[in-house]
Amino acid sequence: MSFKDKFKNFFYLEEEEEMQEKRQPAPAQTPRPEPPRQAEQDWRQKDRRKPAPERPQEGPNVVSLQSIKKSSKMILSEPRVYAEAQDIAEHLKNKRTVVVNLQRIDHGSGTRIIDFLSGTVYALGGDITRIGHDIFLCIPENVELSGEISEYLYDEFE
């Protein structure tokens, strides 16, 4: 197929020519027309679809006040058993910042809780940071953390 024929097919000019040919007397032997290609059929069907109803234009910086209100809550948690780690993960899933104090739980269970919460914040795109001796800050993805706490402060309390 030549470039001219492709151009005609693209702009439906071929259909107009076929209409003119039908008006003229047909020769003794007419070649069988080629069936439309799948891509052309898909393209024509897209034109037949109804356009989506227009929604009011919203800028890219429009944020619901309700989402801000939910994200501004901070939870303080002091788990005493490993099972409470799931409750902390639920708060993170609801985009709430959680401060976890592990001073009232044994070291082994505390380590397991931190491992569980590390996986949770990783999956949610958040972050976990140690802010004191056995105190951790778990933040979801919608919260930005800046600044650092020096490591030498941890050693003073141990």
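Helices here are DSSP runs of H or I with at least four residues, numbered from the N terminus. Ser-109 lies in one of them, helix α6. The model is predicted.

**Helix α6**
- Helix α6 covers residues 107–124, 18 residues in total.
- From first C-alpha to last, α6 reaches 26 Å, close to the 26 Å expected at 1.5 Å a residue.
- Just after α6, Gly-125 takes a positive phi of about 80 degrees.

**Buried and exposed faces**
- Ser-109, Gly-110, Ile-113, Ile-114, Leu-117, Thr-120 and Val-121 are the buried residues of α6.
- Viewed down the helix axis, the buried residues of α6 fall within an arc of 135 degrees, so they line one face.
- An α-helix has 3.6 residues a turn, so residues three or four places apart point the same way.
- Asp-115, Tyr-122 and Ala-123 are exposed on the other side of α6.
- The partners of the buried residues are helix α5 (85–93) and the strands β2 (97–101), β3 (127–132) and β4 (135–139).

**Ser-109**
- Relative accessibility of Ser-109 is 17%. Buried means under 20%, so Ser-109 counts as buried.
- The side chain of Ser-109 makes a polar contact with the side chain of Asp-106, at 3.1 Å.

**Second largest pocket**
- The second largest pocket holds about 190 Å³ of space.
- Its lining has 11 residues; Thr-129, Arg-130, Gly-147, Glu-148 and Ile-149 lie nearest the pocket centre.
- Strand β3 gives the largest share of this lining, three residues. The buried residues of α6 also pack against β3.

Methods: Residues are numbered from 1 along each chain as its sequence is written. This is a predicted model: local features need pLDDT of at least 70, side-chain atom pairs count only at pLDDT 80 or more; totals for chains, interfaces and linings use all residues. Side-chain values use heavy atoms; hydrogens and water are left out. Helices (H or I, at least four residues) and strands (E, at least two) are DSSP runs, numbered from the N terminus. The expected span of a helix is 1.5 Å times one less than its number of residues. Buried means under 20% relative accessible area, exposed over 50%, partly exposed in between (1.4 Å probe, protein chains only). The arc is that of the directions from the helix axis to the C-beta atoms. Contact means heavy atoms within 4.5 Å. A polar contact is a pair of N or O atoms within 3.5 Å; within protein, one must be able to donate a hydrogen and the other to accept it, and residues adjacent in sequence count only if both atoms are side-chain atoms. On a 1 Å grid over the protein atoms alone, a cavity is a set of points where a 1.4 Å probe fits but cannot get out, and a pocket is an open set with protein on both sides within 12 Å along at least five of seven lines; lining residues have an atom within 4 Å of a point. Grid points are joined across faces, edges and corners, and a volume is the space filled by probe spheres set on the points.
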